[in-house]
Amino acid sequence: MSKIEKFVESITPRDEDFARWYTDICLGAELCSYSSVRGCIILRPYGYAIWELITLELDRRFKDTGHQNVMMPLFIPESMLQKEKDHVEGFAPEVAWVTHGGETPLTERLCVRPTSEVLFCDHYAEIIQSWRDLPKLYNQWVSVVRWEKTTRPFLRTREFFWQEGHTAHATKEDAVEETLRMLDVYEEFYRNALAIPVLKGLKSESEKFAGAVETYTVEAMMHDGKALQAGTSHYLGDGFAKAFNIQYTDKDNQLRYVHQTSWGVSSRSIGGLIMVHGDDEGLVLPPAVAPIQVVIIPIATHKEGVLEEATKLRDVLKCTGLRVFLDDSDRMPGWKFSEHEMKGVPIRLEIGPRDIAKNQCVAVFRDNREKVFIALDRVAEEVPALLDALHDRMLERAERSMRERIYDVERLDAFVRTMEEKPGFIRASWCGSAECEAEIKELTTATSRCIEEGVDVEGRVCVVCGKKAQCSVFWGKAY
RNA sequence: CGGGGUGUGGCUCAGGUGGUAGAGCGCUUGGUUCGGGACCAAGAGGUCGCAAGUUCAAGUCUUGUCACUCCGACCA
């Protein structure tokens with residue numbers, strides 16, 4: 001074993017160097033490659049397949065809630081971007097500009113979209129006239145560019161893939177309802193598709209989206225205790241509508257401004273998958289977004305009947321609609337085991353001469369490595385149920401891991417000490433002032449992740465200044 | 001933007017004091033193997049990041065430059 005081990009490709013142990021472990025997985029599981037442009041990645045087939053499944057899961061939910069897909073242009077004229085003041089100021093530092101067409105300088109430079117609020121607004125101003133035109137429930141699947149200085153695969157890339165929903169409503173109530181509805185969609189998606197539990201809530205003033213009235217977020221806790229902003233949903237109010245003159249004639253023949261929302265989830269969610277579920281053997285994927293849900297590994301393929309039985313097994317499983325892969329390459333079985341563990345395949349089925357003699361196969365689960373025998377004529381019924389159970393275990397484990405690492409703190413010194421000593425989130429009351437929030441960032445580098453919903457803080461005081469608390473906040477170091 | 005590090009086959013790296021490039025892994029072909037990363041044999045593959053300079057001679061020395069990477073600052 002030790003002689004072999006030397007030659008075996010291995011990844012950095014997770015708890016030795018989390019950042020290197022993360023990169024090792026991205027490359028080792030063949031999710032992505034670095035590209036020749038710093039901060040941009042190439043999504044390889046396996047990584048893209050995961051993204052494709054994520055988009056399918058989300059898109060289905062968007063359609064179910066009445067949304068339509070559109071495609072806006074890649075470029076935004078500078079003058080259009082500048083119409084909403086807060087919005088430009090927020091994005092200006094990280095915008096990429098197109099200045100030339102061929103050799104000819106452009107009369108107005110074009111921004112490569114960092115997000116598409118203004119494009120949607122410009123279009124909405126054109127197509128919305130009457131209350132009958134509302135609501136407009138649009139979404140688009142595109143990539144956007146933000147010229148980041150520090151980049152990491154999936155977590156912070158200069159170009160990333162995402163969906164951005166943009167809606168226009170007649171009233172504030174409708175828009176706020178939409179904002180919260182999509183936040184719930186995100187939460188449900190993260191739990192049921194990615195097996196990732198999230199904290200849901202409102203962002204503080206300093207953390208909210210440039211140009212929004214309110215920003216809601218779903219925040220997930222990674223294995224190292226840091227927070228990943230996993231999705232945001234913004235209530236934009238009528239600020240954009242006023243800047244872009246998006247008005248409609250209401251039933252009472254009065255001109256009114258629309259109220260808008262926007263919301264997005266990006267390819268960063270893949271980073272979340274890696275950092276929530278991965279282990280020292282590699283990626284661990286929840287079945288819903290696993291490009292291969294079941295890998296079949298035949299043992300002793302040169303022996304009579306093995307490949308035939310393995311193929312039969314594959315065909316039976318395919319009929320149940322599962323994504324199955326029969327690895328009949330000429331690699332050693334051990335090599336295949338490791339390879340598919342690295343790729344996070346939820347269930348491995350082994351079938352060899354000894355199994356065939358007993359009319360069974362061996363199932364091994366990626367999450368807990370447990371092994372069970374399944375009768376060949378029971379595979380089609382049992383495997384789907386085993387996958388469901390695997391998803392539930394993954395979610396449960398992630399949930400426990402998060403809950404166990406949220407610490408309640410009442411005083412600033414305890415806050416600082418806890419943040420230093422224990423990876424995870426802190427739950428602490430806050431007066432709502434930007435000064436106190438800044439002080440915590442200054443002392444600990446942690447930021448407010450979101451405001452806890454439905455909590456009565458009567459009688460409580462701010463963890464920093466000791467004045468009357470306005471709300472309970474989750475704090476953490478963030479990616 | 002500041003500081004450190006690294007650029008040599010696809011990958012990881014070796015090449016004291018200059019003399020015209022090597023290993024392991026991977027890859028190709030054939031054979032034997034197959035229940036946790038096999039073995040044997042024969043092959044293919046490199047203008048040493050780029051550009052100047054010193055020298056009879058540069059992977060090696062000098063200068064410049066570019067890229068990547070780590071730490072910090074910044075950052076939705």
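Over which residues does pLDDT stay under 50? That is the stretch 1–8, for which the model also has zero contacts beyond four places in sequence. Here pLDDT is the predictor's confidence in each residue, from 0 to 100, and a contact means heavy atoms within 4.5 Å. Where pLDDT is low, the predicted coordinates should not be read in detail.

Some ground rules before going further. This is a predicted model, where local features need pLDDT of at least 70 and side-chain atom pairs count only at pLDDT 80 or more, while totals for chains, interfaces and linings use all residues. Residues are numbered from 1 along each chain as its sequence is written, chains are lettered from A and ligands numbered from 1 in the order in which they are written, and side-chain values use heavy atoms, with hydrogens and water left out.

Now the overall picture. Chain A has a mean pLDDT of 93, with 98% of its residues at 70 or more. There are 15 helices and 23 strands in chain A; helices (H or I, at least four residues) and strands (E, at least two) are DSSP runs, numbered from the N terminus. Along the principal axes, the C-alpha atoms fill a box of roughly 80 × 55 × 50 Å. Of the contacts between residues at least 6 apart in sequence, 68% join residues at least 24 apart. Buried residues make up 53% of the 479, where buried means under 20% relative accessible area, exposed over 50%, and partly exposed in between (1.4 Å probe, protein chains only).

Three strands form an open sheet in the order S4-S6-S5, with antiparallel pairing; two strands pair if DSSP finds at least two bridges between them. S4 (75–77) and S5 (96–101) are the edge strands, each with a single partner strand, so one side of each has no neighbour in the sheet. From one strand to the next, the twist averages 45°. Five bridges hold the antiparallel pair of S5 and S6 (residues 104–112), and His100 stands opposite Pro105 in S6.

The peptide bond from Leu134 to Pro135 is cis, with omega near -5°, and Pro135 sits in the loop between helix H6 (117–127) and strand S7 (136–145). Then there is Phe154, not a glycine, yet with a positive phi near 70°. Phe154 belongs to the loop between S7 and strand S8 (159–169) and is buried, at a relative accessible area of 2%. Ala195 also has a positive phi, about 60°; this residue lies in the loop between helix H7 (172–192) and strand S9 (199–202) and is buried at 0%.

Next up is another sheet. Five strands make an open sheet with mixed pairing, in the order S16-S15-S17-S18-S19. At its edges stand S16 (324–326) and S19 (371–375), each with a single partner strand, so one side of each is left without a neighbour in the sheet. Neighbouring strands are turned by 25° against each other on average, direction ignored. S15 (residues 294–298) and S16 run parallel and are joined by three bridges, with Val294 opposite Val324 in S16.

H11 (residues 333–342) lies across S15, S16 and S17 (347–351), at about 170° to S15. H13 (residues 379–403) lies across S15, S17, S18 (360–365) and S19, at about 155° to S19. For these angles, axes are lines fitted to C-alpha atoms, for helices over the stretch in contact, and the range is 0 to 180 degrees between N-to-C directions. In H11 you'll find Ser338, partly exposed at 43%. Ser338 and Glu281 are 57 residues apart in sequence and 7.6 Å apart in space, C-alpha to C-alpha.

Finish at strand S23 (residues 471–476), where six of the six residues are buried, so the strand is largely enclosed by the rest of the structure. Both faces are covered, with Cys471, Val473 and Trp475 on one side and Ser472, Phe474 and Gly476 on the other. S21 (residues 425–430) runs antiparallel to S23 and is joined to it by five bridges, where Arg427 has Phe474 as its bridge partner. S22 (residues 447–451) also pairs with S23 in the antiparallel sense, over four bridges, and Ile451 stands opposite Val473.
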